[in-house]
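Here are some notes to read with the structure open beside you. Please check each point against the model as you go.

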Amino acid sequence: MLTSLAAFVGAAFLIAMVPGPSTVVILRRAVVNGRRTGMAAVLGNECGVLLWGLAAACGLSVLLLASQVAYDVIRITGAAVLVWMGARALWQARRVAGPVGESAETAPVSYRRAFWQGLVTNFANPKAGLFAVSFLPQFVPDGAPVLPTLFALSVIWVVVDLIWYLPLIALAGRVGGVLRRQSVRRRMEQISGAVLVGLGVRLAVDS
């Protein structure tokens with residue numbers, strides 16, 4: 001049991017360290033709008049992780065494996081969300097470069113909006129569902145109750161994610177003053193926007 005748990009925690013840390021759409025969104029919110037707003041995006045992302053874990057525990061995410069239509073619907077929806085967020089960041093980069101010193105994106109962003117962005121970015125990714133349904137069951141010990149164990153592993157997965165993201169948020173908040181300079185902010189918006197659009201396009205064409 002302890003060996004299986006240690007292996008799961010180690011694997012979860014490796015997964016958290018791999019950058020993806022959620023990392024881009026979280027760091028962008030933290031740098032542009034501060035640590036608290038970045039933390040709201042983290043909490044939204046972790047709710048998405050927990051929902052996928054619960055879906056795997058209840059067998060709902062198995063539908064993504066069994067139904068190409070269900071997978072494609074979530075895939076296209078998630079791709080559209082990523083492309084929209086990336087296009088918005090690129091548009092904000094143009095506004096930052098304009099004569100007006102402050103863009104709408106640098107104005108205070110509600111925690112609810114940041115939370116929603118983190119949640120949608122995670123939960124609209126069907127690969128997260130496929131990963132949950134194939135990853136979590138591997139660490140259920142023989143003879144253990146499946147549903148409670150999968151739920152517990154999902155919670156541990158969320159805790160591991162938080163342990164990884166909290167230092168990143170703290171670092172982003174510490175250097176945020178430098179990164180919020182107009183020229184630096186413009187470049188950051190361009191990079192994050194291009195990355196999000198690229199990830200969205202890649203998700204859209206992935207079968």
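1. Is the crossing of α1 and α8 left-handed or right-handed? The crossing of these two helices is right-handed. Keep in mind throughout that this is a predicted model.

2. The geometry of that pair can be given in more detail. Helix α1 covers residues 2-17, and its axis is 9 Å from that of α8. The two helices pack at an angle of about 45°. That angle makes α1 oblique to α8.

3. The protein chain has 10 helices and 0 strands. Read from the N terminus on, its elements run α-α-α-α-α-α-α-α-α-α. The chain has 207 residues, and 43% of them count as buried.

4. The crossing of α2 and α3 is right-handed.

5. Now to the surface. Which residues form a nonpolar patch there? They are Phe151, Val155, Val159 and Ile163, and together they have about 320 Å² of accessible area. One of them, Val159, lies in helix α8, which spans residues 146-174. The relative accessible area of Val159 is 41%, so this residue is partly exposed. The term covers values between the limit for buried, under 20%, and the limit for exposed, over 50%.

6. Val81 is another valine to look at, this one in helix α5 (residues 68-97). Is Val81 buried or exposed? Val81 is buried, because its relative accessible area is 19% and buried means under 20%. Val81 and Thr121 are 40 residues apart in sequence, while their C-alpha atoms are 7.3 Å apart in space.

7. Arg202 has a relative accessible area of 58%, so it is exposed. Where the chain is concerned, Arg202 and Ala79 are 123 residues apart, yet 7.9 Å separates their C-alpha atoms.

8. Val81 is buried, Val159 is partly exposed and Arg202 is exposed.

Conventions: Residues numbered from 1 in each chain as written. Predicted model: local features only at pLDDT ≥ 70, side-chain atom pairs only at ≥ 80, totals over all residues. Heavy atoms only, no water. Patch = residues over 30% accessible without salt bridge, like charges linked within 9 Å, V, L, I, M, F, W, Y side chains within 5 Å. Areas by Shrake-Rupley, 256 points an atom, 1.4 Å probe, with all protein chains shown as cover. Salt bridge = Lys/Arg side-chain N within 4 Å of Asp/Glu carboxyl O. Helix = DSSP H or I, 4+ residues; strand = E, 2+ residues; numbered from the N terminus. Buried < 20%, exposed > 50% of the residue type's maximum accessible area, 1.4 Å probe, protein only. Axes fitted to C-alpha atoms, helices over the stretch in contact; angles between N-to-C directions. Parallel < 35°, antiparallel > 145°, perpendicular 65-115°, else oblique. Left-handed = near helix turned anticlockwise from the far one by under 90°.
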